[in-house]
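Subject: Structure handover

Dear colleague,

Please find the structure below, with its sequence. My notes on it come after.

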Amino acid sequence: MYPDEATTRGVASRVYLDNVCGTSVAASDRFNINSQLEHLQAKYVGTGHADVNRFEWAVNIQRDSYASYVGHYPILAYFAIAENESIGRERYNFMQKMLLPCGKPPDRDQED
Amino acid sequence: MFLYSLSLQRATGIVCATYGNFTGGKAQEIVVSRGKVLDLLRPDDNGKLQTLLSVEIFGAILSLAQFRLTGSQKDYIVVGSDSGRIVILEYNKEKNVFEKIHQETFGKSGCRRIVPGQYLAVDPKGRAVMIGACEKQKLVYVLNRDNAARLTISSPLEAHKSHTIVYSITGVDCGFDNPIFAAIELDYAEADQDSTGVAANEAQKHLTFYELDLGLNHVVRKWTEPIDNGANMLVTVPGGGDGPSGVLVCAENFVIYKNQNQPDVRAVIPRRQDLPPDRGVLIVSAATHKQKSLFFFLLQTEYGDIFKVTLDYDKDDQVTELKIKYFDTIPVTSAMCVLKSGFLFAASEFGNHSLYQFQGIGDEPEVESSSATLMETDEGFQPVFFQPRKLKNLVQIDEIESLMPIMDMKVANLFEEETPQIFSLCGRGPRSSLRILRPGLAVTEMAVTQLPGVPSAVWTVKKNANDEFDAYIVVSFVNATLVLSIGETVEEVSDSGFLDTTPSLAVSLLGEDSLMQVHPNGIRHIRADGRINEWKTPGKKSIVKVGCNRMQVVIALSGGELIYFEMDVSGQLMEVEKREMSGDVACLDIAPVPEGRQRSRFLAVGSYDSTIRILSLDPDDCMQILSVQAVSSPPESLLLLEVQASSGGEDGADHPASVFLNAGLQNGVLLRTEVDMVTGQLSDTRTRFLGLRAPKLFSALVRGRCAMLCLSSRPWLGYIHQGHFLLTPLSYETLEYAASFSSDQCAEGVVAVAKDALRVFTIERLGETFNQTVVPLRYTPRKFILHPRPQGHSLVILESDQGAFTAEERDANKKEAVEAAGGEENGKMDTGDQENGDGEENQDPLPDEQYGYPKANSNKWVSCIRVLDPKDATTSCLLELQENEAAFSVCMVNFHDNKELGTVVAVGTAKDLQFTPKKQSNGGFIHVYRFVDSGRALELVHKTPVDGVPTALCQFQGRLLVGVGQVLRIYDLGKRKLLRKCENKNFPNTIIAIHTYGDRIYVGDIQESFHYVKYRRDENQLYTFADDSCPRWLTASLHIDFDTMAGADKFGNIYFMRLPQDVSEEIEDDPTGGKIKWEQGRLNGAPNKVDEIIQFHVGEVVTSLQKASLIPGGGESVLYGTVMGSVGALLPFTSREDVDFFSHLEMHLRQENPPLCGRDHMTFRSAYFPVKDVIDGDLCEQYPTLTSELQRKIADELDRTPGEILKKLEDIRNRII
């Protein structure tokens, strides 16, 4: 294995095309989708909205990815081999990176 | 194309573990999660870990916990998985299954950021369980019991906190006060908003106590306090009378005791002397030992050192001191369990797991580090150093093999055996190895004795039916019989009563305590008091075949006459009935007498006219033919075996046993036919080709149950394992005759004869598919190739490690360290401790396998190229790369323009490679080596610098194809270096795999799946004409056929893709080449797209794919190896009917047998992409574990009988392995 395969970390959140259990949209609820969206935004971290900016989006994706790495032990092991660290250390590093995954947020005033 | 997916070797790595009394007895059991497999292990009386149960759960287990309701005798298992559900399991000892007691849904499935499952914590008194996610969500379930003493679970109580990352949770032991859970939390809300970065710098981890108010039934945040920002793990401290309560917070470099209303007590974790100063020390696993009067913690660091942590506390439960003492060093674990019986179970994160026994608990008073001696200076706390030493408190008593991680794998028959071997590169760093896997069970040879002649048969016999052990081994030669008595030693005796001047045909125990010897001229019956009765054959006839059990004897005379004897009440052997068969009898057998019966009812007789008859032995219809079976070839050997072919109960006790007639035919086939217990009718025949010789069948005992030994060109064992009847080859030489053997030293062994030797062996590790031969390696293996030599083969293996020192540096450092430590130790030795005496001095005091390589800076690489002869496991050449180069790719090339050089090996290396903060390297090299010393060694021809890291190499039309980053390039051999001939720079990221076929090239990109490339010789150009529509993070690739590639991605999927037929033809018949040249794709892609034809989620990162057949004459299947150390196979179906049958079976099993931990089977197999045209054999193989009603129900829906379904499952497995 070439270790770069593992260290080049991709966007894992696009993989969440997965099943949605518990929040399946029944046919009758389809019409009040807006109220549902608000509910989802409150309930599920990272549910997008119209004004989401690039930074927020990226931060969200990165946190999702790190959480996914921490959850999938084989991927964690794969990274651990690539970086020659223990799996426990890899997990800790990923959790630490969840604090500021994309560096400092942009200045709000400048952005406007 | 449809594929049948089957795990051949389940995952061997361990994710997490918990221990308790799950059977309810005194025995301690360990439940381990191997990712998608849940195992129950138990150390047996000999200290060997046995797997009691192993269940595939079709999901990912993230966390395990165990709890016990107060006053109960039995522990329950709580499982946190990716199913969005909490599952509580109970082990049912009688049925040998995990029973799902509760399953509560709380969220979406999948490993998500805010769906709980990552962390589990239980109240030490078993009253509540908390399940948490990486972020925000934590749910508390109250556990109780109802009037019927059944476990109940409440609806969830929320303990959520938004914008909060959770590092660890644990239950706090506070006796019978309200349950409290502790969590390490980090709030990121402000850091996300503050563009100056100040808030992020000031972000502070907190330890928060959540109290579950049992009266009000809600959860409150009771207490929160800032803690060290390196905190990563919590360990519960016993409380409620047993200790001071509270938690240990393990942080980078520190262990801190914290509790409400108590000051922090902090101690430094000692560091190894050779650790670079910028590296921290992190605790990665912990175990607690608690008994009445004392408790201590074992904490393991990321370097493998275990520290014993003890607390001193006063009467008011105020902790006064925290002491850290170096305990021992073992390979880094993912989980540790201290068993009450004095064992330490260590689940290694990579490599073999171990069971250790405690020799001591390190209770000498001097400690390395303590809160009392903590020194704080201006730069922070003063570090404490220690020197690792040999194991002192632990001694290893058992090892469980683990292939984790498989880095590369190839299947080849290098040893010219009947079946090919799997060569896999496993492990990491100093524990790396090449493991040669052979399908079959491992055999431990106990003794080999040369005999005076070539024996023809062997039996073992007891003196009394109630004896535990065998008394004699009887060996028959052409004209003599040798009797050996079994005692302290095995020696020849002459007072046994056996006739030794004639060969024997059968020797057995008759009745309670008399012995029988059948020889060609008669039957010799030896009574316990020494009286001998002899029955002589009539006329000139001689006995040719014998079948007997404890009460009945049937002999076949030459000419085909059968005579049946039975033992009467007085212990006399009486002739009962005769029968003339049409021709000579080839073989016969009587089943053992069923318990509580007088006689066995069936006699099986095989004739040379290729028929097998079942005869009745009942007094009413004695020697009447009940049924006849015509077979393909004359039978050589028969065995009636009682098999409980289905599980339920401890290995099938619930199901009625059925009798199987096993017949070894002269063409090497084994037939297994079910015999109706009442009518004697034969039905449901299963056949299996065992080898080139006619199988001889013998009954044996395996774990106290009937099993069958089949001796063909190799020995096989048929036995029951966890409800399945398995027929597995033994990795042993060809045997002539065998018998089960039981003695003091070896309870369940086999004695066998082969050529002129008598062999005694035992069979271990039942249930394993492969047995391993291990060859240690130096660094993490990356890739290898097979090189055919004139005699045999060599393997060329690349090994490289990041952040390690070279061998010379290590040796020098070690010498220094040992000298320093040795000086100290010698000083100490005078004061006591004499046992580390002289004898051990010659050994390596700190073997790297145990202690790991010392850490160097992360930009330092070590690497070597090894030439290894697999036959004698010797390294014939080992080249250490110099100047911080690391080898990553290898291939063999025959350069077209330079024939005299012969085959050369090209190795791609990177120089000064680093990944953080930014991936970069100072280019790389392609080394070209030629073989010298008839293929045993390598010699450098030249070294060509390239501008990036050559991550993929492949021979292509007598030249070398190289993938360097985004560039695909063709090189030819020059005098001083390789010469560039042609290149294409338009690949998306990094090329990591190249395959070729004709003038077509298949390029695998690290993120973007495969690209199909055509090389036009006339123009000397490389054109990409097709690619994939999905971005895939390729980890392994395999060329299937001209249009088809198989690949595996980082998220654990395997997929096949195929170029549409019309596109393929169009590309091949494009005479002008204009179409390829000018055709443009959309959105920077290639003009054509390949179709996905197979899609399957394995659930583990697949690191290697291979096409191979593991059985002689079998069809090829695709084998894969994963990071978790599992090996699986994908077998293409050959008929549409099979596809229909198995897809229906799979569908029914999905409905009737949903996975144990709550994940839906279909969504698991479609976790990233919808599963396509693959039938999950692992699910289908759960069919025998269902209850018999359910089995019948499914069978009815499929218009078959359960027996037919079991046969189908067995058949398809036999086609793979």
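The notes cover the interface, one annotated region, a helix pair and some local backbone features.

This is a predicted model, in which local features need pLDDT of at least 70, side-chain atom pairs count only at pLDDT 80 or more, and totals for chains, interfaces and linings use all residues. Residues are numbered from 1 along each chain as its sequence is written, chains are lettered from A and ligands numbered from 1 in the order written, and side-chain values use heavy atoms, with hydrogens and water left out.

Interface. Chain A contributes 62 residues to the contact and chain B 84 residues, where contact means heavy atoms within 4.5 Å. About 6200 Å² is buried between chain A and chain B, with carbon and sulfur atoms giving 59% of that area; buried area is the accessible area (1.4 Å probe) that two parts lose on being put together, summed over both. There are 5 salt bridges between chain A and chain B, a salt bridge being a side-chain nitrogen of Lys or Arg within 4 Å of a carboxyl oxygen of Asp or Glu. D192(B) and R63(A) form a salt bridge at 2.9 Å, N to O.

Over all chains the count is 77 salt bridges. Among them is E736(B) with R693(B), at 3.2 Å, N to O. These two residues are 43 residues apart and link distant parts of the chain: E736(B) is in the loop between β63 and β64 of chain B, and R693(B) in the loop between β59 and β60. Helices (H or I, at least four residues) and strands (E, at least two) are DSSP runs, numbered from the N terminus.

Annotated region. UniProt, in an unreviewed entry, lists residues 14-399 of chain B as "domain: RSE1/DDB1/CPSF1 first beta-propeller"; such annotations may be inferred rather than shown by experiment. That stretch is 3% helix and 52% strand, and its end C-alpha atoms are 14 Å apart.

Helix pair. In chain B, D1138(B), F1141(B), F1142(B) and L1145(B) of α7(B) meet I1205(B), K1208(B), L1209(B), I1212(B) and R1215(B) of α11(B).

Backbone. M404(B) and P405(B) are joined by a cis peptide bond, with omega about -15 degrees, and P405(B) lies in the loop between β35 and β36 of chain B. N96(B), not a glycine, has a positive phi of about 55 degrees and sits in the loop between β8 and β9 of chain B.

Regards
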